[in-house]
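Please read it alongside the sequence and the structure.

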Amino acid sequence: MTTPSLVLGTAGHIDHGKSTLVHALTGTDPDRLSEEKKRGITIELGFAQLALPSGRTMGVVDVPGHERFVRQMVAGATGIDIVLLVVAADDGVMPQTREHLAIIDLLGIPRGVVAVTKADLADPDWLEMVVEDVGGLLEGTSIAGAPIVPVSARSGAGLPDLLATLDEVAEEAEARHSNLPLRLPVDRVFTIAGAGTVVTGTLWSGVAKRDDQVELYPGNKRGRIRSVQIHGAPAEKAVAGNRVALNIAGLDTDDISRGDIVAEPGTLTVTDRFDARVTYLASEEKPFESGARVHVHHGTREVLGRVLLMDADSLQPGQSGLAQVRLESPLAPRYDDRFIIRSYSPMWTIGGGVVLDVLPPRRTTLRSHERELLDALLGHDLSGAALGLLASRAMPLTSAQVAAAIGVPRPQVADDLNKADLKRLKAGGETCFVTAEAQEGLLGAIERELLAFHDTNPKATGLATGALRDRVDRRIEQKVFDALLDLAVERGAVVIAGGEARHPKAASTALAAEEEAAEKLTALLKAQGIAPASTADLAAEAGVDTGLARKVLGRLATQGELVRLGPDLHFDAAAVGAARSAIVAYLREHGSILPKDARDIVGSSRKYIMPLLEYFDSQGVTKREGDARTLGKNA
């Protein structure tokens, strides 16, 4: 059996000896900042490596105990597998003991050990009472029944017993998900001279190795892993559960901050909301009201948001319920992640929850298929969740997108989707799945939006396909929306022309006006030859609106009937062809030509001949040499 990579994290009240105990166990002082040493308290996360009697090693994350630094504590605690809860024998259980334990419980950390420190400062009866008090405190939490070991970092008493106990607990721990895509919440970022940008954190899932491409979330910037270190030592690769440092090429330290997530490209969803099951702590004194503003802690990031309950107006202390968490800054969570919520002011841990749907519609009243999706996610029914996700999203998704939203490997859902009674769309070489109901709903929305557009814009011949997508559902990728438009065209519900969509029963008047304008403008430009009027003058002479004239001239240029050499300069294509032939014939005879000669040959003026010559240069018909032109390679 492969030994899992594990991370041990401390928790507990300030001045209860967490850092001192880590130093005694590992030989490393986790307090690295001068201010920490000066004040004698932990301010930032500290790190060490622990060797256990069995030969196993664990990464250690030491967290601050002061109430002002709970944000840092949560950032450190979210990546741990085993918690070392520290309670000083002379103080006993204190406020941050309770808050840290609540955070451990809400994060679902399944294993722990309690170290009752400073045991040499307490008489036996008092020590026994503290141990009993701690045991009672653990009841009903995720680490209920955890072993409790009295120790003294100063004398060394109990340290061997603590190491042996940690070894036993580590033996029972499960490995993290190496089969899922790489995901590393960043807790530190810095620069090393000659190496560049380095990020550290606990590898939540996947494998990190040299030359892997990575993406930064929520910033969506790309980079490449240049090298990997585990506890300061170079490594070929790091697997889920390791404390790692990644040297990343292509990203500057200014691009990254604590709270960002380094992950395999395209595997996370950046969102401003997510559905969740939220638990309100039993220790609170008043109900939690829907819509309350809170601090949301996910991974190593903290953002502000609001919790909108779905099934009630409030939660009583100790209750749980479905909610949509609306965020003021984006996060990139994955299904089944844990998060913490703290009151807005004063800040205090009041609850937490588990992420269900990472990109739901903005709503708090659940339709039947949306409730079925959340029930499937809560029950870890991945097959039901995959199908429920498609029904809930009501839009085409690839199997990879469904897998990423649920946070599982693609093969785990691909077979279910292929076997299901779903519609399929080909978009950009990929197969998208969509429910029949959702597909019909989207096609109906396309037709309704087009008719509404024509109703309010009777002079318009159509709507750009990108703008139509935004009116229907901006969440849909353009290539997928184009596939839906192709289906709508097959059904005769949409006409696509020149990058615009129009309804076949609308825009007849506008189309007729456009065709009439095209005829008049074409005739004018043909008559004007190599001395065309400006767009405004053309419009006035043709008796059409200037905006319509610009649109028609642009279409005619795209169709090749005109040559557009600027926003206000259009030539008849035949006239340009005749000018080209005349200039090429002159060059074949004389070898070079000056602008004044070209002007005389084509019967134009300098105002028009210079743009024409520059156009011929760009086409390779002529080649500029000083003031003159010679034959180009495409003449």
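A residue is called buried when its relative accessible area is under 20%, exposed when that area is over 50%, and partly exposed in between. The model discussed here is predicted.

**Salt bridges**

Side chains of opposite charge can pair when their charged atoms come close. With a limit of 4 Å between a side-chain nitrogen of Lys or Arg and a carboxyl oxygen of Asp or Glu, the count comes to 29 salt bridges. One of them joins Arg293 to Glu328, with 2.8 Å between the closest N and O atoms. This pair links distant parts of the chain, since Arg293 belongs to strand S19 (residues 292-298) and Glu328 to strand S22 (residues 320-331), 35 residues apart. Arg293 has a relative accessible area of 26% and is therefore partly exposed. Glu328, with a relative accessible area of 44%, is partly exposed.

Arg393 and Asp357 also meet in a salt bridge, at 2.7 Å from N to O. Here the partners are 36 residues apart and again link distant parts of the chain: Arg393 lies in helix H8 (residues 382-393), and Asp357 in the loop between strand S24 (349-355) and helix H7 (368-378).

Asp572 is in strand S31 and Lys526 in helix H14 (residues 508-528), so that the pair links distant parts of the chain, 46 residues apart. Asp572 is buried, at a relative accessible area of 5%, whereas Lys526 is exposed, at 51%. Salt bridges that share partners also join Asp275, Arg363, Arg367 and Glu370 into one network.

| Salt bridge | N to O distance |
|---|---|
| Arg293 and Glu328 | 2.8 Å |
| Arg393 and Asp357 | 2.7 Å |

**Aromatic pairs**

A pair of aromatic rings is described by the distance of the centres and the angle of the planes. Rings pair if their centres lie within 6.5 Å, and planes over 60 degrees apart count as edge-to-face. By this rule the count comes to four aromatic pairs. In one of them, the ring centres of Phe274 and Phe339 are 5.1 Å apart and the planes stand at 75 degrees, so the arrangement is edge-to-face. Phe274 in strand S17 (residues 271-280) and Phe339 in strand S23 (residues 338-343) are 65 residues apart, and their pairing links distant parts of the chain. Phe274 counts as buried at 1% relative accessibility, and Phe339 is buried at 0%.

Phe571 and Tyr608 form another edge-to-face pair, because their planes are at 90 degrees and their ring centres 6.2 Å apart. At 0% relative accessibility Phe571 counts as buried, and Tyr608, at 9%, counts as buried.

**Backbone features**

Where does the chain contain cis peptide bonds? One joins Tyr217 and Pro218, with omega about 5 degrees. Pro218 is found in the loop between strand S11 (213-217) and strand S12 (221-230). Another runs from Ser345 to Pro346, with omega near -10 degrees, and Pro346 is placed in the loop between S23 and S24.

Positive phi values occur in residues other than glycine. Asp336 has a phi of about 80 degrees although it is not a glycine. Asp336 is located in the loop between S22 and S23 and is partly exposed at 35% relative accessibility. Ala394 has a phi near 55 degrees and sits in the loop between H8 and helix H9 (399-406). Its relative accessible area of 28% makes Ala394 partly exposed.

**Surface charge**

Asp123, Asp125, Glu128, Glu132 and Asp133 form a negative surface patch. Asp133 lies in helix H5 (residues 124-138) and counts as partly exposed, at 41% relative accessibility.

Definitions and conventions: Residues numbered from 1 in each chain as written. Predicted model: local features only at pLDDT ≥ 70, side-chain atom pairs only at ≥ 80, totals over all residues. Heavy atoms only, no water. Patch = residues over 30% accessible without salt bridge, like charges linked within 9 Å, V, L, I, M, F, W, Y side chains within 5 Å. Areas by Shrake-Rupley, 256 points an atom, 1.4 Å probe, with all protein chains shown as cover. Lys, Arg positive; Asp, Glu negative; His and termini not counted. Charge placed at Lys NZ, Arg CZ, Asp CG, Glu CD. Helix = DSSP H or I, 4+ residues; strand = E, 2+ residues; numbered from the N terminus. Buried < 20%, exposed > 50% of the residue type's maximum accessible area, 1.4 Å probe, protein only. Phe/Tyr/Trp six-rings, centres within 6.5 Å; stacked < 30°, edge-to-face > 60°.
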